[in-house]
Amino acid sequence: MAAGAALVAFASGCTAGSVRDARWVGPSPATGASAVASPSAAAAVPRTVTILGAGDVLVHPQVWEQARADARAAGRAGFDFFPMFAGVRAAIADADLAICHLETPLAAAGGPFLGYPRFSVPPQVLDGVKRAGFDACSTASNHTIDQGEGGVRRTMAALDAAGLGHTGSARSARDAATPVLYDVGGVRVGHLAYTAHLNGLRPPPGEDWLVNVVDVAKITAAAHRLRAAGAQIVVLSLHWGTEYEHAPDANQRSWAARLIASPDIDLILGHHAHVVQPFERFGAKWVVYGMGNELARHAEPVNDNREGVMARMTFSEYAPGRWRVTRAEAIPTWTQIGPAIRLVNLPSALGSAAIPPATLRIYQAAYDRIAGYVLGRGGAADGLVVVRPGA
């Protein structure tokens with residue numbers, strides 16, 4: 001299913017004053033403000049949309065071996081990636097639109113599977129991603145074309161089969177030019193994704209459309225086209241930054257300031273550094289420089305690459321069809337690596353009486369470090385909330 005070619009239900013249900021129905025849709029038949037459905041004048045509560053972003057889903061060999069072990073423990077062959085995601089599912093599923101970052105290209109179901117430096121990983125990971133509650137994935141990364149055009153095509157096909165939206169890489173120039181929009185309870189959310197580099201690789205001649213590479217002018221033009229196609233909110237995912245550096249680098253700071261100044265971009269979600277980086281407010285908008293790893297298991301696991309954060313942004317409609325962030329939240333996470341790889345929602349875990357004190361001390365130290373990183377560029381004064389233990 002190419003972006004915009006069909007309507008696909010991703011989630012359902014609703015709550016007062018909010019929307020909870022994400023569908024992948026094509027451009028509106030009308031453009032601009034005339035394409036926006038206005039809320040009832042009698043509505044007592046402004047509409048809200050909650051968008052959650054998560055960091056890298058980076059499937060190292062240890063991750064797929066854990067999925068194999070979890071399937072075996074359940075009496076099945078193959079892979080089961082969901083147990084690794086289960087600890088963060090509640091936070092993900094609670095969002096109106098949840099976006100992950102799929103860092104690596106997918107192999108055929110039977111392999112062969114490859115790790116660093118040229119990944120080709122089990123497509124069964126998408127079952128875990130889907131069951132965790134994600135609606136969509138960004139796919140532009142430094143590893144996108146590790147397996148060439150074939151790897152991109154397999155990845156797109158697997159995402160389609162899993163019912164997950166995607167943007168950042170494409171199968172054709174037409175596919176790449178098609179606006180990616182999600183209908184979230186009647187609110188159209190546009191999504192873009194770009195990577196800063198490709199590890200020195202290049203797409204085949206004439207096929208630059210395989211993956212989006214950062215170019216500020218091209219990004220702002222694409223965002224403007226999304227607005228023209230009917231997007232009321234535009235989210236930009238960026239794979240950028242310097243690996244293992246908590247502070248945003250010069251390119252991140254420069255690109256962030258220029259891109260978030262565009263009237264057509266409402267939120268930037270960053271990843272790639274494999275460590276948590278700050279959230280920063282620009283006017284009424286937010287830039288999330290780096291969410292660290294969502295799921296990974298590096299050959300040398302250290303605190304930095306086991307820490308992650310999910311960004312939860314609540315948009316409110318302040319005028320018909322016009323939205324801005326009214327609540328910015330950071331949800332710290334931790335990758336437990338023994339006896340099994342498991343993602344831990346740190347605020348939830350720290351509120352549990354069932355966890356041993358020694359483990360709680362590890363979790364508290366990770367939570368404190370992550371809070372320090374995300375607040376490192378004045379976020380607390382600007383209203384950023386690090387979700388509290390027990391909340």
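This is a predicted model: local features need pLDDT of at least 70, side-chain atom pairs count only at pLDDT 80 or more; totals for chains, interfaces and linings use all residues.
**Exercise 1.** What share of the contacts between residues at least 6 apart in sequence joins residues at least 24 apart?

*Solution.* Start from the contacts in the protein whose residues are at least 6 apart in sequence. Of these, 70% link residues at least 24 apart.

**Exercise 2.** Describe the largest pocket by volume, lining and contributing elements.

*Solution.* Step one is the volume: the largest pocket holds about 660 Å³ of space. Step two is the lining, made up of 32 residues, with Ala-176, Tyr-194, Trp-209, Val-211 and Asn-212 closest to the centre. Step three sorts the lining by class into 19 nonpolar, seven polar and six charged residues. Step four asks where the lining comes from: β6 (165-167), α6 (173-177), β8 (187-195) and α7 (216-228) each give at least two residues. Of these, α7 has the largest share, four residues.

**Exercise 3.** Which helix gives the most to the lining of the largest cavity?

*Solution.* One cavity of 30 Å³ or more is counted, and the largest cavity has about 60 Å³ of space. Its lining includes Leu-102, Glu-103, Gly-151, Val-152, Thr-155, Met-156 and Ser-169. Helix α5 (residues 148-162) contributes the most, with four residues. By class, the lining has four nonpolar, six polar and one charged residue.

Terms used. Residues are numbered from 1 along each chain as its sequence is written. Side-chain values use heavy atoms; hydrogens and water are left out. On a 1 Å grid over the protein atoms alone, a cavity is a set of points where a 1.4 Å probe fits but cannot get out, and a pocket is an open set with protein on both sides within 12 Å along at least five of seven lines; lining residues have an atom within 4 Å of a point. Grid points are joined across faces, edges and corners, and a volume is the space filled by probe spheres set on the points. Ala, Val, Leu, Ile, Met, Phe, Trp, Tyr, Cys and Pro count as nonpolar, Asp, Glu, Lys and Arg as charged, and the others, Gly among them, as polar. Contact means heavy atoms within 4.5 Å.
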